[in-house]
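Dear colleague,

I am handing over the structure we spoke about, and below it you will find a short account of what was found. Please read the account with the model open beside you.

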Amino acid sequence: MDFSKGSLIHSREKCVINVNYYHTGEELEVIKQKIRKAASNIIRGIQGGTPEETALYLHDRLVRRCSYETLSERPQDAHNLIGPLLDYRCVCEGYAKAYKYLSDFVELPCIVVCGEGIHPDGSTAGHAWNLIRVKKNNYHVDVTFDLLIGQKYCSRAYYGLSTKE
């Protein structure tokens, strides 16, 4: 949905909201099929394993699969499942949504967390990451920060952190 091109008309009697969509219904069905196929291909690589191993596998696949960047032709896709699962480029919100989507596939309890990220220089900015639940414990998973600090390797510095950490 393109919120920048929508409109809101209201009076005391009624409210009308006009929205514009990025894709037609038919296009959206094709995109959803492609996303499901991409997710299935990732999930297929899970060889049994414990919930901890599954959670780490999903983290590592996303770190290795995508680059952190926006898409110039469709910047909104860097924030949804299209960026990380079909275009291999996204921002933190795209990573977090993809991790959540894949976690749902394997029934790993997971939510997307939106808050402030602290950069190495101490500055802060809006950021999204995940919180997973494994064996009655909650752990933070930040695919974006692991990708950014790892550069050419798969960092796990921001994987499996407690809220204290």
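**Surface patch and loops**

Ile17, Val19 and Tyr21 together form a nonpolar patch on the surface, with about 320 Å² of accessible area (areas come from the Shrake-Rupley method with a 1.4 Å probe, and for residues only the protein chains shown count as cover). A patch takes residues with over 30% relative accessible area and no salt bridge, joining like charges within 9 Å and nonpolar side chains (Val, Leu, Ile, Met, Phe, Trp, Tyr) within 5 Å; a salt bridge is a side-chain nitrogen of Lys or Arg within 4 Å of a carboxyl oxygen of Asp or Glu.

The model is predicted, with local features needing pLDDT of at least 70 and side-chain atom pairs pLDDT 80 or more, while totals for chains, interfaces and linings use all residues. Residues are numbered from 1 along each chain as its sequence is written, and side-chain values use heavy atoms, leaving out hydrogens and water.

Ile17 lies in strand β2, residues 15-20 (strands are DSSP runs of E, at least two residues, and helices runs of H or I, at least four, numbered from the N terminus). Ile17 is exposed at 59% relative accessible area (exposed is over 50%, buried under 20%, partly exposed in between, with a 1.4 Å probe and protein chains only).

Glu107, in the loop between α4 (92-105) and β5 (110-118), has a positive phi near 60° although it is not glycine, and is exposed at 72%. Lys135, in the loop between β6 (124-134) and β7 (137-141), has a positive phi near 50° and is exposed at 61%.

Ser40, in helix α1 (residues 25-43), is partly exposed at 32%, and its C-alpha atom is separated by 8.5 Å from that of Phe105, 65 residues apart along the chain.

Best regards
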